[in-house]
Amino acid sequence: MPAVFIKNTIRRTVFTLIAVTIALAVIIPVAYFVSISFASIYEAYQFPARIFPSLSYNAKFIYNASDDNFSLHIEKNGIYESVKTDSDSKSFRTYLLNQLNVNMEEEHIRNLMSEAKTSNEIDLKLKKDIFRNYKIFFILADGSIAALVNSLQAAAWTIVISLLLGGTAGYTLARMNFRFKETLNLSLLVVRMFPVVAISLPMVIYIMKMNVYDTPFSLALVYSVPNIALTAWITSSIFKGINVELEEASMVFGAGRIKTFQRITVPLAFPALVASSLYAFLAAWNDSIVALIMTNENPTLALVVYRTVGSSSISNIPAAGAIILLIPSLVFTFIIKNYINQLWGNVQI
Amino acid sequence: MLNRKNLNMENRSAYFLLFPVIIFYAVFWLRPVYSAVLEAFADASGGFSIANYSRLLMQSDIRNAFINTLVFTAGSMVIQFFLSIGIALFLNKKFKFSNILLFITLIPMAFPPAAVGILWKSGFYRLGWMNSLLFKLHLVDASNLIDWMSFKGLNAVFFLTLVDTWTVLPSIVIIILAGLQNLNKEFEEAGWVFGAKRFQTIKDIVLPIIRPTIVTAMILRLISAIQVWLIAVMIYGYNTVPFLVERIAYNIDVITFAEFAKKDAYALSVIVVVIVMTAAYFYIRISNRSKNQEVR
Amino acid sequence: MAYLELEKLKKTYPNGFTALKGIDLKIDKGEFVVLLGPSGCGKTTTLRMIAGLEKVTEGEIILDNKKINDLQPKDRNVSMIFQSYAVWPHMTVYENIAYPLKLRKYSRKEIKDTVDRVAGICEIEGNLNRYPGQLSGGQKQRVAVARAIAIQSKLFLMDEPLSNLDAKLRVSVRTFLKQIHLEHNSTTIFVTHDQAEAMALADRIVVMNKGNIEQIGDVTDVYHDCESLFVANFMGTPPANFQEAEVICEDENLYAIADEFRLKLDGPSKDTIKGNYIGKKIIVAIRPENVKLNGDHPFAKARIEIVEPQGFHTILGFRVCNTIWKLLRMDDKQLEKGENVALSADPLKVMFFDKETGKRIR
């Protein structure tokens with residue numbers, strides 16, 4: 001029946017439109033962002049900004065006989081505009097490197113110069129050193145690698161503390177009955193919702209007293225406060241999902257509580273424990289404000305990225321740093337995605 | 001249950017296992033909270049006073065921070081409520097590219113706040129990508145580019161709401177989607193068979209049943225929204241658009257050694273805690289009005 | 001013209017799996033038809049296509065002279081009882097029953113009267129203000145039934161409504177459903193995998209297997225007069241006894257033989273077998289209640305290996321040609337394990353099946 005067919009096509013078109021809109025709303029900003037991270041300073045000042053990073057420039061190198069100097073022209077929207085005029089190969093090299101992200105040996109420049117003298121005008125394709133921004137971020141920006149290591153350490157400690165303390169709490173909540181169980185539940189809920197900002201300041205004092213100020217370990221202590229509670233919540237619901245009879249069978253056949261936990265419970269709960277660790281990792285990796293308060297000379301990567309923004313009006317280097325910050329985060333978020341049903345499916349506050 | 005030890009033993013082993021957790025929280029939560037509260041209510045000499053608060057409330061920055069935080073929280077929750085439910089329902093229909101689309105929709109969620117700040121700051125520049133995009137679509141021309149950064153007050157708050165929505169929507173969608181996927185399909189089918197149109201079924205049957213899931217997601221958003229600061233600072237810098245936690249960060253990071261910086265930071269922290277906990281409490285109370293509907 | 005007609009109904013899923021291979025079925029108004037078969041046979045798929053919850057790949061569904069293939073479920077005016085009852089947990093029992101009426105724009109008074117009436121029929125008046133979470137499985141079932149009979153629908157569809165109930169409850173609700181059918185004279189299609197249930201309830205049974213219909217008939221047809229090996233095996237508890245045997249001709253008599261098994265062939269199918277199957281193998285089927293002890297023309301001698309008393313009858317197990325044969329016996333006479341007996345059967349009660357096609361030899 002034609003009416004049904006028309007209705008169906010309209011439905012499908014609307015569907016596709018909505019899907020495409022959603023996809024574009026995400027992809028377009030991200031594309032620009034990635035593109036900026038690869039952009040040289042020159043490109044960063046161009047308007048309109050590029051959505052796809054370019055790999056090279058179309059250029060002309062022109063000899064000006066009257067002044068005995070050379071002009072470098074870069075193609076923009078079909079027109080070649082002059083960007084630098086000089087006679088010194090060294091200053092050309094510096095310009096190419098800093099402004100255009102093009103790494104060209106001085107000797108090569110001198111060759112170009114002699115070639116330009118003879119043919120007046122040379123057409124060039126200047127290849128970009130694509131990852132230069134990333135290199136700058138790591139090498140030139142102060143202590144980025146150290147910050148990366150700090151972030152990893154803080155994350156590792158957070159995972160360890162959260163799993164150990166939160167995991168045991170979750171296990172007792174799931175498997176045992178004891179007085180104050182409800183109180184514990186409620187307290188964990190309160191701590192989970194608590195703004196970490198409020199305790200960071202006083203924490204600084206304790207941390208200083210403990211002599212661990214400005215270390216990744218101290219950050220982990222603060223990150224663990226809400227994370228232990230979150231891990232306890234996640235693990236208790238996972239353990240509840242594991243049939244008690246599996247553990248009881250193990251104990252009937254001779255294993256003690258601890259061995260049972262090791263050999264039966266943990267392997268079964270493993271995927272969810274992985275997911276909780278990932279949440280702990282992300283909490284430590286992504287944070288800027290606690291790091292802001294609790295560190296001085298040893299920042300985390302997220303804090304360094306935050307600080308590189310400064311007041312400059314272009315963001316190509318910060319964007320490169322942000323993308324480095326982003327990658328583990330992206331990987332782990334996609335791993336977590338598969339466990340979401342397990343974690344959130346039967347959720348009740 | 002085999003060989004159940006008597007109750008005392010059970011209690012004891014539980015306490016034994018929980019001992020480290022309790023100690024940890026006593027040291028790293030109870031004590032800091034206690035001292036923060038003490039500091040917030042102490043004047044320079046150490047005696048009890050609410051001078052910190054009266055001083056705070058006299059600053060217009062702080063008053064604006066309250067207003068901005070309120071508007072931001074309310075606005076973002078409303079927008080995100082409708083959008084997240086809509087997108088979750090959309091993604092729940094198993095159509096051809098729904099998996100790929102879910103994948104794409106999750107990307108903003110993976111962005112650390114610092115990265116988000118840079119992404120949007122680079123867009124908000126006068127020559128940034130937002131204007132570039134509008135230019136390419138011929139919605140603006142070179143002479144009347146929008147000056148995003150010049151927005152002040154509530155206009156800026158509005159744009160920050162949009163930026164925030166872009167970032168956090170996936171995390172809400174994913175929770176609601178999990179709730180939808182755990183819903184027994186037959187509830188919806190019964191609706192269709194007995195006469196309800198598609199949209200009616202969603203309104204009358206699906207959404208009410210997954211209400212606990214929606215409430216959970218919204219509470220998490222509420223708590224985060226009240227503590228917004230990083231995107232505001234990264235895009236507009238300090239002071240331009242004050243928020244509560246932004247003021248705290250300002251006191252700690254920028255004017256660290258100013259006379260009342262620490263006190264203000266403590267006092268504000270306590271305020272933020274009280275607001276978050278109160279809001280969460282009331283939200284849960286209101287949403288659990290009909291708790292007798294056991295849904296399984 | 002029948003009330004509901006399925007013509008060459010076919011269902012193939014996007015992944016290529018064909019759940020229903022093209023079936024034809026005619027159902028009269030007021031009939032109670034049971035779709036019976038094991039998991040995956042296509043019975044639920046058929047039901048859902050009639051309800052409109054699955055799209056039809058090929059074929060037609062005609063209800064009351066109208067083709068309903070392209071109608072939304074809500075426009076087909078059918079009632080359904082789902083396997084999980086699908087009683088909405090966020091509405092009270094009253095609201096659950098009232099919802100379809102509200103959608104049909106009944107007035108408040110009409111709704112109240114109807115709900116009270118059906119609640120009375122289903123004996124759930126006391127629960128009207130309760131939520132489903134506070135009810136037992138059986139009570140939720142009754143709410144589902146009440147909701148289904150509240151509207152004047154053309155068809156009642158029931159998707160394995162009894163399988164989530166415990167055994168005792170199953171039987172009583174079964175009777176209740178039959179009563180409802182008789183009082184309202186509603187056209188009902190009932191899906192189940194339980195053959196005892198099917199026989200108790202149905203006017204006609206549609207036995208299905210792997211997307212095809214094996215046989216349509218009343219209880220006598222599908223139990224005593226099976227069309228195929230599958231039907232003979234599926235119906236009856238304990239299941240029929242099967243024996244593969246070669247047909248030989250000796251002195252004008254036909255026998256089916258295998259090891260210690262030797263059955264003299266008689267009855268209406270004798271000529272067909274004589275004409276087509278001499279020297280070939282066929283499958284002999286005899287139901288446990290039709291196996292007799294120590295009668296005329298025994299087909300096997302065996303020792304009693306298992307005795308299963310069931311209260312008012314006893315099931316005896318024998319080893320015949322390396323298979324356990326079961327015999328159902330109403331006798332009071334006590335039989336001991338180890339006793340040697342001779343097995344015989346009434347030739348008219350024996351069924352023969354073609355070994356290759358599985359079809360009945362008539």
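Residues are numbered from 1 along each chain as its sequence is written, while chains are lettered from A and ligands numbered from 1 in the order in which they are written. Because the model is predicted, local features need pLDDT of at least 70 and side-chain atom pairs count only at pLDDT 80 or more, whereas totals for chains, interfaces and linings use all residues.

**Chain B**

Chain B has 13 helices and zero strands. Helices (H or I, at least four residues) and strands (E, at least two) are DSSP runs, numbered from the N terminus. The radius of gyration of chain B is 24 Å, well over the 19 Å that the globule rule gives for 296 residues, so chain B is more spread out than a compact globule. This radius is taken over C-alpha atoms, and the globule rule is 2.2 Å times the number of residues to the power 0.38. Along the principal axes, the C-alpha atoms of chain B fill a box of roughly 80 × 70 × 30 Å.

Of the 296 residues of chain B, 45% count as buried. A residue is buried if 20 or more other C-beta atoms lie within 10 Å of its own, exposed if 12 or fewer, and partly exposed in between, with C-beta atoms placed from the backbone. Two residues are in contact if their C-beta atoms, placed from the backbone, lie within 7 Å. Among contacts in chain B between residues at least 6 apart in sequence, 71% join residues at least 24 apart.

Chain B is divided into domain 1 (1-40) and domain 2 (61-287); the bounds come from an automatic or database domain assignment. The C-alpha centres of these two domains of chain B lie 35 Å apart. Four residues from domain 1 of chain B and five residues from domain 2 of chain B take part in the contact between them. On the domain 1 side, the residues divide into three nonpolar, no polar and one charged. Here Ala, Val, Leu, Ile, Met, Phe, Trp, Tyr, Cys and Pro count as nonpolar, Asp, Glu, Lys and Arg as charged, and the others, Gly among them, as polar.

**Contacts between chains**

The contact between chains B and A takes 77 residues from chain B and 70 residues from chain A. Helix 1 (residues 7-40) of chain B gives the largest share of the chain B side, 15 residues. That side divides into 58 nonpolar, 15 polar and four charged residues.

Chain B also meets chain C: 18 residues of chain C are in contact with 19 residues of chain B. On the chain C side, strand 6 (78-81) and helix 2 (93-103) are the elements that give two or more residues. The largest share, three residues, comes from helix 2 of chain C. The chain C side divides into 13 nonpolar, three polar and two charged residues.

**The sheets of chain C**

Four strands of chain C form an open sheet in the order 2-1-4-5, with antiparallel pairing. Two strands pair if DSSP finds at least two bridges between them. Strand 2 (18-27) and strand 5 (66-67) of chain C stand at the edges, each with a single partner strand, so one side of each is left without a neighbour in the sheet. Helix 1 (residues 43-51) of chain C packs on this sheet, touching strand 1, strand 2 and strand 4, and its direction makes about 115° with that of strand 1 of chain C. Axes are lines fitted to C-alpha atoms, for helices over the stretch in contact, and angles run from 0 to 180 degrees between N-to-C directions.

Strands 1 and 2 of chain C form a hairpin with five residues between them, and C:Gly16 in the turn has a positive phi of about 100°.

A second open sheet in chain C has six strands in the order 6-7-8-3-9-10, with mixed pairing. Strand 6 and strand 10 (212-217) of chain C are the edge strands, each pairing on one side only. The twist averages 20° from one strand to the next. Helix 4 (residues 137-150) of chain C packs on this sheet, touching strand 6 and strand 7 (155-159), and its direction makes about 175° with that of strand 6 of chain C.

| Strand pair | Bridges | Direction |
|---|---|---|
| Strand 1 and strand 4 of chain C | Five bridges | antiparallel |
| Strand 1 and strand 2 of chain C | Seven bridges | antiparallel |
| Strand 3 and strand 9 of chain C | Four bridges | parallel |
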